[in-house]
Amino acid sequence: ISITDNFFDLGADSLRMVRALAEVRRLCSGRVGITDLFTHYTIEKLAAYIDAGPGRQRRPKKIISTKF
């Protein structure tokens, strides 16, 4: 899996998206919503969004698990 791979091309479904969202929120303590995962559908795009957004925390140092 690459940081440029599309979540949906990898087989993401609603349950996996909710799990990914929970992990992102846990690691970043930021205000990332489910719609943000649809808009920023690669790790690269989501990380840039988290880094750039007002009031958002820096990217987590831990790699998010890809086992959903």
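The side chains of Glu23 and Arg26 are joined by a salt bridge, with N and O 2.9 Å apart; the term denotes a side-chain nitrogen of Lys or Arg within 4 Å of a carboxyl oxygen of Asp or Glu. The model is predicted, so that local features need pLDDT of at least 70 and side-chain atom pairs count only at pLDDT 80 or more, whereas totals for chains, interfaces and linings use all residues. Residues are numbered from 1 along each chain as its sequence is written, and side-chain values use heavy atoms, with hydrogens and water left out.

Both Glu23 and Arg26 belong to helix H1 (residues 14-28), where a spacing of 3 residues corresponds to about one turn of the helix. Glu23 counts as buried, at 18% relative accessibility. Buried means under 20% relative accessible area, exposed over 50%, and partly exposed in between (1.4 Å probe, protein chains only).

The structure holds 2 salt bridges. Arg16 also takes part in one, with Asp13 as its partner and 3.7 Å between the closest N and O atoms. Here Arg16 is partly exposed, with a relative accessible area of 35%, and Asp13 is likewise partly exposed, at 36% relative accessibility.

The protein chain as a whole contains 3 helices and 0 strands, in the order α-α-α from the N terminus. These elements are DSSP runs numbered from the N terminus: helices are H or I, at least four residues, and strands are E, at least two. Of the 68 residues in the protein chain, 31% count as buried.
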